[in-house]
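Please read the numbered points with the structure in view.

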Amino acid sequence: MEYSLPALSFEFDALEPYLSSEAIALHYEKHHAGYVKNLNKALTDWGDAEKHRNLSEQIRLTQAIRFHGGGHINHSLFWENLAPPSMGGEPTGAFRQALEDRFGDRFQDQFIAKSVVVPGSGWSWLGYSKTDRSLHIATTLQHDLLVMNELVPLLCVDLWEHAYYINYKNDRHNFLQAIFSIMNWKVVQKRWEEAQ
Ligand SMILES: [Fe+2]
């Protein structure tokens, strides 16, 4: 069964003025859709290689599956992390306490500081460790998944230039500040509760 683009929970123009309709449409319909298309092709080719017992071709294709599959998974998480301005709520209750225990009142500042220095293309994350039962800010390169860092993804931000160039040119810092105005904290908190 093929993978497909997940439906967005908001209209393309719903995140304005922080992210424009043009930016969301391009990001979703071109970039994310491209990862889905290339993932499906790589999986089909992988299946063909398996039928022919062509192990070297299978191993070669794992790179494409990792890249495009990671792109698909990470973007799917990212869209769920966004909500129209003032619609995404704020951290509450035990989750708010867990954030404060770990980061004081500096979560946003620390998250942005770690995100702006990621070289080239990647993702920044708030993740939950089932090992030490606490929250962690983490980053991954390209489209690598947070689970590769043994963390459950709660919140992610796309740091690829295609995520912000239309609205913020090369200013990743301004983009990250804007993201916190369209953050869907309800989804982040629900993921945290499910991860417990
Ligand atoms: Fe992206």
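1. Helix 4 and helix 6 cross in a right-handed manner. In this predicted model, helix 4 spans residues 107-116 and helix 6 spans residues 172-179, and the two pack at an angle of about 145 degrees with their axes 10 Å apart. Helix 4 contributes I112, S115 and V116 to the contact, while helix 6 contributes R172, H173, L176 and Q177. By type, the contact residues comprise three nonpolar, three polar and one charged.

2. Helix 1, residues 21-51, consists of 31 residues and reaches 44 Å from its first C-alpha to its last, close to the 45 Å expected at 1.5 Å a residue. A bend of about 30 degrees occurs in helix 1 at A33.

3. Among the buried residues of helix 1 are A23, I24, H27 and H32; Y35, V36, L39 and A42 are buried as well. Their cover includes helix 2 (55-80) and helix 5 (165-168).

4. Most residues other than glycine have a negative phi, and most peptide bonds are trans. The peptide bond from E16 to P17 is cis, with omega near 5 degrees, and P17 belongs to the segment before helix 1. Just after helix 1, R53 has a positive phi of about 50 degrees.

5. E150, in the loop between strand 2 (134-141) and strand 3 (152-158), has a positive phi near 60 degrees. E150 counts as exposed because it has 12 C-beta neighbours inside 10 Å.

6. K169 has a positive phi near 50 degrees and is placed in the loop between helix 5 and helix 6. With 11 C-beta neighbours inside 10 Å, K169 therefore counts as exposed.

Technical notes. Residues numbered from 1 in each chain as written. Predicted model: local features only at pLDDT ≥ 70, side-chain atom pairs only at ≥ 80, totals over all residues. Axes fitted to C-alpha atoms, helices over the stretch in contact; angles between N-to-C directions. Helix = DSSP H or I, 4+ residues; strand = E, 2+ residues; numbered from the N terminus. Left-handed = near helix turned anticlockwise from the far one by under 90°. Contact = placed C-beta atoms within 7 Å. Nonpolar A, V, L, I, M, F, W, Y, C, P; charged D, E, K, R; others polar. Expected span 1.5 Å × (residues − 1). Bend = angle between axes of the 7 residues up to and from the residue. Buried ≥ 20, exposed ≤ 12 C-beta atoms within 10 Å, placed from the backbone.
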